[in-house]
Each structure stands twice: as structure tokens, then as C-alpha cells.
Amino acid sequence: MPFGFLVPVLLAALGALAAPLLIHLRQRDRRRPRAFPSLMFLARVPIQTDRRKRITDWPLLLIRALALALLVAAFARPYLRRSVSPEGASAGLTVLVVDRSQSMADSAVQAALADSVAALLREIPGGGRIAVVGYAISAELLAAPTTDRAIIGTALAAAKPGAAATRHVAGLRAAADLLGAEPIPGTLLLLTDMQAAAIGAAGVPSLPPGTRFRVMPLVSGPRDNAAVRGLEVRPFGTPAGRRAAVAAEIFRAGGLAERSTTITLTVDGRVASSVERILPTEGTVRVTFDTVALPRTTARLVVRLDEPDRLPADDVFHAVVAADEAIRVLLVAASPDAGRFVERALSIGRAPAVVVERVRSLDAAALARSAVVWFQDSPPPDGTLGEALNQFVEAGGGVVMAAGSLVSRPGGGAALDLLPAVVRGEAERDGTTLGEPALSHPALAAFRGTTLDPLATVRVRRHPRLEPRNGGRTLLRFDDGSAALVTSSIGAGRTAVIAVPLELDGGDFPVQASFLPFVRGVAIWAGGLAAQPTALDGGDVWRLSASLVQPVVRSPSGDRPEVNDGLVVLPAEAGFHELFEGSAGTVPVAVVALNAPGGEADLGTMLPEELLLGVATDDGTETGTVGWGQPPAAVELEHQQAGWRWLLLLAALLLGADVWIASRGWRGAASNQVVTTAGGGG
Amino acid sequence: MNRVAPSALLDPAVLAGIDDLALLSRMIVDGFVSGTHRSRQTGLSLDFAQHRVYQPGDDLRRIDWRLYGRTDKFFLKTYEAETNADVLVALDVSASMDFGSGALTKFRYARILLAALAWLARRQGDRVGFVPLGGADLAGIIPPASRHLPLVLEALSRLVPEGSVALGEALARLARMAGRTGILVVVSDCYDDASAIQHGVGALQARGWDVVLFHVLDPAERDFDYEAPDTFADLETAARLAVDPGEVRAAYNAAIDNHITALRTLVGDGGADYLPLTTDQPLDGALRQWLERRHRPVGGR
């Protein structure tokens, strides 16, 4: 069981242990010697003079040294940690699950992690097997179960934090898989900074029975941190060229006092604007820069806080503004009134600009000149035109069907095979809301970084029921769990089915502020431009176009992240990632920016008990915390340091034994013998 | 002081409680004598002993005129009384004598022994003197005389053991200085080479002295029965030596035994009397040794 000392400085007094030894060896001849008539005969006897430097009474010396050590330890006020160390946990596998989210980049946390790891490697018995799992939004096995401490040490040293958010369940599930393969219960030790922002991602998978689950908080209490948590870029055209209004969201939490900082915006490496603002102790500040000129081509924007704090990684935010290319959207609406809100919404805004062409029915010529076909409550065609539509999508085009009451009717015709969902009737329930938006998807990228979910204010009275198919991904749901937005990628193209009423007869969405970015986001994504999102969150995947030949991705540090067979890249490094064809050259085909999720900027901590909630305890699983890196509260330590009394008692017993032993046998005779010197008497 | 049997005063444990040396020595002798049969040798006598040839300078009053009338030669009559001798008691006053692990230190034991011997000698009619063996000269010497017993006892009472004494050299120096001869009783712990002691004793014998050497040892000094390792300090030189008694005891005992054997051989076989004593031994052995010595004529063996 690990223990510590309330007053460890007093342990320096252990140096006094040398005193009995030195006194014995060096002062031995200085004490009163035993008088003897003459050394005449003793001097003739060969004597091993080196015995002067030898210990002549080991038992007494050891007893006295031990008594002294106990006295020193008692005054240093030892305490026992209530938690159970892995040493005493079990003889099974110990899995160290290390948080690698961006918030772990805090220098104090890294120091605590290093100390805790060193303590752990000391505490776990030498023969104990250890595995290391690193996790953020996903988990990675850093070290397979081994008894080699060097491998463990290397794996832990390499477990550097990335730019992703915290998702405890990913690491815990990986650890549970490892422990489940063991014949006997093991120990799961979670090393995390207990970031409160991750509590929403908490949750513990079912652990193998008998598993000991320990959380090792690496830090406690609030931590001051400021971060650039979002960037809003509104490009607009002028006769002189493209410009943009840029606003950044600066977040701060855990501060003790307001502080001033300078926020700088750079475009393609040049400083475009700079603003000085006072940051509050807690909260968000919106900083609006002067309008900046943007190139027609893809632009790279960086917003930076000039005074880095304890977590510099989130003091920078990267964003990419796509090239100024208009998207042609073919709006297919059966009636003249249908799709007015959509048409209007798509027509607003630039960068990219959307050119809407409205038709009552689809024809091949219109299809050929469009990038996106938007069916507004109108069934897609079948037959030859339907085949053409399939080819259109395979070649990179986009098809969006906004389902309404017409296609919801039986035989409504919304059964085109390429669509990711089919409509199964209509649901009527006043006050239906939207939720669970997949903000990582480019179609909903406009809603990232917002504190409140803007889609949550939408109220729906009636909506079609969607049944996803063909691998369709649900990006938005109604509050009854049914799909509200389903997307899919087919070939080089994209398809989407929207069940959220885009007319006022089904709800109030068209008059909500979120309507315009929603419609534009879906259309732009379907058009392929938003396939290169302006900024990804750490942990998001980057899906590359299928038309690319030998795609090569270059990370900000020059590394080459792996492009898997599905043309998916999982960038981990914050900054600009460039996509090339063939080999990494100078002009990338596409650029994407990666930033840490906004929630990682809030370094407030939660209690370990909050994380442990929900862990099953009825199957023998034990939960608890271990305290390395987090000093217990002083009051708690006071309650745990009663052991000094026992140490004092033991020291007293030892000293009593010392007196008893020293007064028995030859020791007693030696000390009691008095040499009589008569002097002049008698 | 409680009444005790006179013979009990021979026990060193009893002697340790008595300070008055004169009283003590008298009580010892009384106790010793009362336990033995009186003999001629123990009392004063004026009986005729022998004739010897007149030598110039002899007292004419002591010429045996009757014998002259028969032999026409001058002879002197000598009597037993005239065999009374000068008894010089010598005490080693070196610091090494100031040691005792029991009731008595060697020095006190030696003082009592000498006082008793002096008293006994005086009781036999001998003339008693005293010489301390210590220091560079023989200052404090009390020449033998019939009335010097109180002075001898007084000197014994006031002596303090200190310094170191080379016994052989001291005895040789005494031989050179002492004019009259007689019986020399030496009490010492004999911390000197046996050959040097034999040399000193031999010098005295050459001058006509009968030497009786009492070698006094403390039991701890003789047996070296210490157990704990310790640093031992020489009482005479203050030199120190760290010793594990368990390791050196056998060799030390052998060295002591060799020393005693050498003294017995060199001194005893040379014509002197040698008696080793330990301070836990009763005094009667020493007194009996004295009487045996005194039984013999002075100057003879």
C-alpha cells in the first residue's frame, strides 16, 4: 500500500542514522577506557587492530538504528493512501489507459503524468504484465501486454497528446477487450486530466467481471486557459475582388483575473488584422477583425493568441476558405410555391456562391449543366432519366431530396435506389424537435463551435418518416429518434434525404436562423465543394474524392498520414493538411485545416466519482481512485496519518528491548564492571 | 566494627573494611599466631648459639674467657638473640598497583600484607624498616630499627601509587644504596622483565640480602576474564589498546603464566623466595611463607 509523509522534510533526519555508527567507529577510543594495570602482556599478543573499524555489536546497533529511524518516520507523520495501488490489486494484467486528448498537453498535466508513470512502474511488481492504451477520440494499443518495463516506458513516453477530443469510452473499451482476453481479472488504470468537458463523452463499457477499475486524476481544480475556439468567415464579392468578414470566438475558463491579449489573423501567412481584447475570467469573447482580402483560390486563415498560456496548442485556430467557385443547383419543384424558402436561402451568400435554376421536372440538359439536383418534395425520376441521374451521381454530382407531404404519400415515388433512405409515411406530432447533429459532417459544419445547438429551437409539426438504407448516415434526428437527415456517398457523388420540413406547413424551420446555413451546407456539400471542409475537428476523418489518383497527404509537420483503401485520412496534427496527387508537390489539390475540438479548451475538471458512475459493481468490478499526481486534501491526510503513534510505540519498545539486551549477559557485565582505583585511600 | 574471629581477618574481604593499618596488622598477626603452635623461632631468645673467632674490633666484653683459658685462643660467644635480623619491607608504589576488580586493590592488599609482616617481624624481635619502590631515588626510606614499626606503618598509610617503576632497576639501586643487610620483603606486581627483576634480586643477594618477593596480582589481571571488546588503558603509561578479550585471552594467560614461571625459575632458583599471590587469597599463605623464611638463619639457606 503506498504511503507518504506529511512533513517529508523531516526525513532528512534519517541522516542521523549515521551517528551511532560514526560514534561507534570514530568515538570508540574517546570514551573512558577500561583501566588495566599494564598492557605489557597485551601488547605482546598479536591483535587484529582493524577490529577498531568493525562493528562489534551488530544486534544493538541495528536495534538502535531502527528505533531512530522509526522516531524520524513518526515525526515525519506518515500516512497511508486509502486507495489501493495496482500492486495490491491483483496479479493479473494491468492496462494503463492514457488520455491523449489535446487538454493533456498542459505542461502541468504532462509533468504529473511523468511522475505518475514513474511511480506506477515502481509500484507494480516486477513480474506484473502491463499494457498501454492511448486514447482520445479513438483508442490505440501503444504496448501489448508485457513485463518489459522498458517497452512500457517507451510507449508511455510516446503517448503524446494530439489534437483530438476526449472520449473515455474509446480507451476503456480497448482496455476491456484486453482484459477480457485474460484468464484472471486484471486492473484497468485510467490516467486522465479529468476534463469536465469530456463528461458528456463519459461512460464505461462493461468490464470483465472482477476487474479493478481505478482512475488516476492527474490534476485537480480549475486551470486557466484561453483558446481560439471557432472562426467564422463570410466571404463576399466586391468589384476589387473577394473579401471576407472574419470573426473569431475566444474562450477562456479558470482565470483568476481579466487579462489583455492580442489576437492576430493571418491569411496565407501574412498578417491581415490584429485586435487587442480583454479576456474575462470565464466566458467567450467574439472578436471581429477588419475585413480582409481573400484570393480567388483557396485561402488559409490562422487566428492566434499572441500570449500563449499553459495550453498553447489551442491558442491557434486554422481554417481554409474554399476557392471562389459558384455551385449550380437545379431545384426541381412540382409547384411554383414549393421550394421558395430553399431557393431564397441558396441564393444568399457567397464563397461559394450558389446559382439556382428552378425547374418543374428534371431533364437531361438541365442535369448536365448542374452540380446539384435538389428535389423539393418531388419524386426523383426513374427509367432512363433515373439512370442518367445515377451516372450523374457516380461522376461526382449531388442529389438532394427534401421530402414533404407529397413524397410521403403511399406511392409517392421517393424510392430511387441511389437515395440513402426511403420514405415510410408521415409522422404528426406537434412540437417535435431536432437533435443529435453530427457536426463533424461537412454538411453541418456551420453549426460547429456554437455553445448552444441552434437546431434545437426548430419545432416540427409533421414530417416524413425516413428509413436509412444503402449505408446511409443519419446526421440529424427528430426527438423520437427517427432520421431527419440522411446522407451517403456514391462513387464520387453525394446524396441526401431531408425529412425536416422546409416549408412552413410542416414546422417553423424556414423562419429559424439555422435554416439558411443548413440548406446551404447541404447544398454545398452535395455540390462537392464542401467535401473539403474549412476545418476539421481532431478525430474527424477526411474523406477524399474517389477520382483522385495516388492521393498523398502531407501533414503540417511534413509527415505522410496514411490514406486507407476507403480514401479516408485520419489527421491527428493540428494545422493545415495538404492533399496531392502522385507525390507531394508545391500546389496541393486540396487543403484542410485541423483544430482541436472547442470543448478541449475548457480545462475544468470533474470528480473521479463522476467518471466512475455507471460502472457495474454487482459483478465483482471494483472502482476507486489512486492518488499519484493529485495530493490528497490536508484534512484527509490528517485523518490518514495516525500511524505515527504506532511508530512511536514501536520505537519505545525497541529502546526498551535495547536496554534489556544491553543489561544482560556479557553486555551487562561489561557495563557494570567498575575498576576500583583506591587512590590514596586505605 | 563488629567483633569478628581473629582468624577471619586473614580474609581480604574482611580486611577491606578496616582502615587503621596498625590495628589491622596487629589483629592479623594475633589472629594468625593464635591459630598456630608457638615455636622457638617465633619468640625472642638469649640462649647460646655458637662461638666464633675473635676479630679485631669485636667487643672485648663478649670474649669467652673460660674458653680462652682452655684453648689460649680468643672466641666470642654468640646467642640466638643476636640472630634477630633487619627486616626491610619494600612496596611497589607504581600506578599499576592501584587496580582491583574485587574488594581490595593490589596496593591496599600489599600494604596490609607488609604491615602484617612488619608487625610479625617486630613481634619476633626483628628490626623493621621500609623502602618504597618508586620514583628516581629512594626517598622515604626508613632504616630498620626496633622502634621504627610505627614509622613504617605510618609510611605505608600515606603512600599513593603513581607513576611507573622498573622493579629490577629499583632493586638494583637499592642494593647499591643499602649498607646493612638483612631480609628484604618486596611486594610488587612485577611488571618488568623477569631477567631484569632477577638481576636486581641477584644484586641484593650479592650484597648479603635475603630477598622474599611477593608477586601480587588481581584475579582479573591474572585470568583476563573480560567478555566485551573494549579499549584498555595502561595505568602507568596511559597507553590504550582496543582488545577483544575473547580473542586474546588464551595468549594473555599464557604470557602471564610464562612470566610467573620465569620469575619462579630465575628468582626462586637463584636463592630468593618467590610467592605469587592474588588479592582474593587469604593472607595466611603469605605469613606462613614468611615464617618459613624466618625459620632459616639470616644469611643462610
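Colleague: How many helices and strands are there in chain B?
Modeller: Chain B has ten helices and ten strands. Those are DSSP runs numbered from the N terminus, with helices being H or I of at least four residues and strands being E of at least two. Bear in mind that this is a predicted model, where local features need pLDDT of at least 70, side-chain atom pairs count only at pLDDT 80 or more, and totals for chains, interfaces and linings use all residues. Residues are numbered from 1 along each chain as its sequence is written, while chains are lettered from A and ligands numbered from 1 in the order in which they are written.

Colleague: OK, and what's the mean pLDDT of chain B?
Modeller: The mean is 79, and 77% of the residues in chain B reach 70 or more. pLDDT is the predictor's confidence in each residue, from 0 to 100.

Colleague: Where in chain B is the pLDDT below 50?
Modeller: One stretch is residues 1-7 of chain B, which has nine contacts in the model beyond near neighbours in sequence. Another is residues 35-45 of chain B, with ten contacts counted that way. Two residues are in contact if their C-beta atoms, placed from the backbone, lie within 7 Å. Where pLDDT is low, the predicted coordinates should not be read in detail.

Colleague: What ipTM and pTM does the complex get?
Modeller: The predictor gives an ipTM of 0.78 and a pTM of 0.43.

Colleague: Back to chain B. How much of it is buried?
Modeller: 42% of its 301 residues count as buried. Buried takes 20 or more other C-beta atoms within 10 Å of a residue's own, exposed is 12 or fewer, and partly exposed is in between, with C-beta atoms placed from the backbone.

Colleague: Why is strand β3 of chain B described as largely enclosed?
Modeller: Because seven of the seven residues of β3(B), residues 86-92, are buried. On one side those are B:Asp86, B:Leu88, B:Ala90 and B:Asp92, and on the other B:Val87, B:Val89 and B:Leu91, so both faces are covered.

Colleague: Which strands is β3(B) joined to?
Modeller: β4(B), residues 127-133, is joined to β3(B) by seven bridges, and the two run parallel. β6(B) also runs parallel to β3(B), with five bridges. Strands pair if DSSP finds at least two bridges between them.

Colleague: What unit do β3(B), α4 and β4(B) make?
Modeller: A right-handed β-α-β unit, with α4 of chain B covering residues 106-123. Right-handed here says that, with the strands pointing away from the viewer, the path from the first strand over the helix to the second runs clockwise.

Colleague: Switching topic, where does helix α9 of chain B bend?
Modeller: At B:Ala251, by about 25 degrees, in a helix that covers residues 245-268. The bend is the angle between axes fitted to the seven residues ending there and the seven starting there. Buried residues in α9(B) are B:Val248, B:Tyr252, B:His259, B:Leu263, B:Leu266 and B:Val267.

Colleague: What covers them?
Modeller: The cover includes α7 (194-206), β7 (210-217), β9 (240-243) and β10 (273-278) of chain B.

Colleague: Now chain A: is A:Val568 buried or exposed?
Modeller: Exposed, with 12 other C-beta atoms within 10 Å. A:Val568 is in strand β30 of chain A, residues 568-569. A:Val541 and A:Arg543 touch A:Val568, leaving out residues up to four places away in sequence.

Colleague: And how many helices and strands are there in chain A?
Modeller: Chain A has 15 helices and 33 strands, and buried residues make up 43% of its 682 residues.
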